[in-house]
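Look at the structure below with its aromatic rings in mind. The paragraphs that follow start with ring pairs and end at a charged part of the surface.

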Amino acid sequence: MVTVEKYAQSITQTSGSYKGEKYYRKWTNLDNLKSGVNWANCGVTSSNNDYTLIGGKTGTWNRPSTISLKNFGFNIPAHAKITRIRVGYTHRKNRIGGAYGVFASPTISLLTTSYNAKGYAVPTSSKSFVTTFSNVDISPSKINNGNFGVKINYPANSSTNPAQIQLKDVWVEVTYTDFSFSISSSAMQNEEYLVGDSAEINLSLTSKTGNISSYASKVSFSLPSGVVFKEKTRGNGVFTVNGNVVTWQGNFQNTKSINVGFKVLFTTSGNKSLLFRESTTNTSTKTIFKVSDNRIELYVDYDEVINSGEDGELLVSVVSEKTTNTSSPVNINFPDNFEVSLLSGNDQVIFDGNNYVFTPELSEQNVSEMAFKIKCHISGNHTFTTVFENVTKNYNIKIKNSELTIPFFSKIVLDEKILDRLGDGKTYTVSSVFKLLLDVDNINLFDPYNNNYRLGVFNGEKYDDFTDSDYLNYTYFSESVSAPNVEEELSVDFIYHSEYPVIIFITGEYLEANARAFKIQYTYPCLMETEFIVNREAPGLFPYPIKQISSSDDFCVANVPSNKSTNPIRVYGFDISGLALENNVVIQGVSVDFDVNCDSEFALLMKLVINNKTGQRSINVNPTTDSQSIGGEFDLWGLSFDDFLDGNLDNFELELNLLNAFNYDSYIELNNIKVTFHYLEVEESLVKCRVNGKDVRYYNMFLNTVKIPAGTENEVKYLDVDGTDSTIAYRSSIQKKEIEIEFSVFGCTITETAKFLERIGRLFANERDKFNKPILNTIEFSHYPDRIWEFITEDAIDAKAESANYDGTIKLIVPSGTSINKNMNISNAYGVNNSIAKVNPEIYVVALENTVVITEDRSNQELIIRGNNIVNKLLRIDCSNREAYLLEDNPDNAEEYVNINITSDVDINCDWFVIQGEYSFNCNNTANIQSVRFFERW
């Protein structure tokens, strides 16, 4: 079903007398009815209401004008079935002089039709009404016509009171059933047909709008010349044939799709097009059949490589789809230096020198053959030709020099460890990437024969007197490389026999040829079970030769296609002899330098791996021939000083990836990669200091004095009562306090020292969260071994340069006013907080009831949790953050819990415990306390 709602764009009204001396009162603002927002008015107040309002029943102008609304702009499909029309409107009457008029229901009529109905009487307050016309018999063309619309005819005022009525939001909604189909056709046999063949066609008509309860569809198609309708084979509906027009009438009965199958016969050749068209919606589809006369093909099978002076064989076959009495002759022309003799088909051949004419005999069989024996004493490439049905084809034969013995080769004998992994009788594939290197002057020497430039596998019986030639004669070989100076993958399959050895051969040029002009580069062969080779990953993309990335003379080369990247490359085994990380040596930064030559921009992504930690950096390299660098003197690649302190640098590695994120291919040369470690020898310090866990000595910063106020800074509020001798302290709170540090920074030059000072400033600066709230840093001192302070740096460092050194002062604000003990205080229900300030504990309990009541007996604080199904469950009450959690076992990690927030189950007026001094918790038999935990403040 489809529903469309519209507003009128043309609105008129009646005027004048409707009966004798009784007249219509006209509406104002009728254009407001073109949308659903504003009112149209009938009757307006004025200084003389008798001339502007709707009169009473005894008055003259006592009836609202009849309104006609047209030009709704409907565009209903011509094939649609209208099922319902609804007219919506909103109206009301207004109080005039303390009284209302009375108006019965208006008559709602559909213009250009005979449909009308009573609406709803005019209410005293705004109300919306809908008048529905169901089961209508109206055509889409009538509704689409601009004259279709709605007429609203109000009766006269039936009271003696003058009146005013208002009308708005008049709309028409049309609901219809729209048939939208997709049609498809498919042949049930091959795509190409011969004259005399039949094709079975499946035709399907599917509703795009879901199931159709009842509908008779018609699909018609015209039969082109040479196509005859034979019969229906299956499916829904019936066919009628009228001349060359075929109509399929289907029947939808509460279904979404109907199908039919039928056959056509092809009586002539050519492309036959059938256009199927559904009559109601004009939906269509086309199927084209290629129909050929009897197909006759020529096949030539011959020895492509023949030893000089030895016989080779050639077989010419003509194959017909069907027997026939007619066929074109085959002309075969051999080179003059070939010796040719017939092996079969003598009665069908005439010849003149080395030009043979073969007339196929196909009247009783589909295949006609002729066999030749050929011989040539001149080595090299030779060509013979065939002409059949005006088509000329050339065929190449290589005559191999009879003096050639075996090519140069390398062999790899698989050891027992590898052979033990192979399955007897299984098919395996050996593959390798080959590149045959030839310089420009020797390109014409490239001449593939039987066994040169190939990958081979020997897996057969081995005899004591086997020669190299014997091995090669019993070896399974791949195809040769197709061209010199091009990388390509060669592969060869073999069935493994476990009683025999496996030897892999890589062959070059023949010994008797110019073999030393050829070089073969190849990857170490890969052996895989053929059944699973389809799931093998694509070959990786790497710079080549990869080891030259560390050479200072030669480059490794990568051709990176557009929007591709190389596979990661690991560079390791750097010579770091003499660089031992003693206690007083700290790595400050790492630089990686390399030489590059590239013809277009690319990105170099690099990872630094040390002690199982990974840092990363990247740069974009523009077209250049130059040296490049990543990292720097003070760049730790996102790692920390401590990551370089664990042991030494023996396991240091780099991982490179070349990314071409551009719309062009990149040619890249890389070499001479070097790593520089920038380190600092630091002195011992009487007082050691760590900020966020980092030793400030690593920044070449040494403390001179540290001022930490003891105790707490308190703000106390007092109540002074006039006329008395007492002052009452009624509120006290711990205030922030300040730590002041005087320090020195040493360096070889003032520039170097300034860089250290910048890094110190960054170390002490606070990060901020997404709401710009500062994140507290931590600082600790060796002479306070168990303490840590959380601080904010408000002021810049006050520094003064002296020669190559700096002296500076930094002031830190401790918002809490106290330090925090590093070690957590853990007790059960009873304990003591000995610190200088109150703390909020974290309490773990196991619930014994669904309502858990926890009290602290000394302070009478109480917290109540009213849970659901929490009996025997572990609960955590975080008093500092005022939250409660149910802890469930984590199925993925037995050492962790899943925290489920149940803060909403805590009574709103409860106490989130604060403890100082002695404490005693009691669960009143509703739970068992596991532990009470907190950090003391000093």
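This is a predicted model: local features need pLDDT of at least 70, side-chain atom pairs count only at pLDDT 80 or more; totals for chains, interfaces and linings use all residues.

The structure holds 48 aromatic pairs. One of them joins Phe 662 and Tyr 664, whose ring centres are 5.5 Å apart and whose planes are at 0° to each other, a stacked arrangement. The pair counts as stacked because planes under 30 degrees apart fall into that class. Phe 662 has a relative accessible area of 22%, so this residue is partly exposed. Tyr 664 is partly exposed too, with a relative accessible area of 33%.

A pair of aromatic rings is described by the distance of the centres and the angle of the planes. In the pair of Phe 913 and Phe 921, the centres lie 5.0 Å apart and the planes stand at 85°, so this pair is edge-to-face. The cut-off behind that label is an angle over 60 degrees. Phe 913 has a relative accessibility of 0% and therefore counts as buried. Phe 921, at 3% relative accessibility, counts as buried as well. Both labels follow because buried means under 20% relative accessible area.

Aromatic residues also come together in a cluster. Tyr 302, Phe 334, Phe 351, Tyr 356, Phe 372, Phe 384 and Tyr 395 make up one such cluster.

The last stop is a matter of charge. Which residues gather in a patch of negative charge on the surface? They are Asp 301, Asp 303, Glu 304, Glu 313 and Glu 479.

Notes. Residues are numbered from 1 along each chain as its sequence is written. Side-chain values use heavy atoms; hydrogens and water are left out. Patches are made of residues with over 30% relative accessible area and no salt bridge: like charges are joined within 9 Å, nonpolar side chains (Val, Leu, Ile, Met, Phe, Trp, Tyr) within 5 Å. Accessible areas come from the Shrake-Rupley method with a 1.4 Å probe; for residues, only the protein chains shown count as cover. A salt bridge is a side-chain nitrogen of Lys or Arg within 4 Å of a carboxyl oxygen of Asp or Glu. Lys and Arg count as positive and Asp and Glu as negative; His and the chain ends are not counted. The place of a charge is taken as NZ of Lys, CZ of Arg, CG of Asp or CD of Glu. Rings of Phe, Tyr and Trp (its six-membered ring) pair if their centres lie within 6.5 Å; planes under 30 degrees apart count as stacked, over 60 as edge-to-face and the rest as tilted. Buried means under 20% relative accessible area, exposed over 50%, partly exposed in between (1.4 Å probe, protein chains only).
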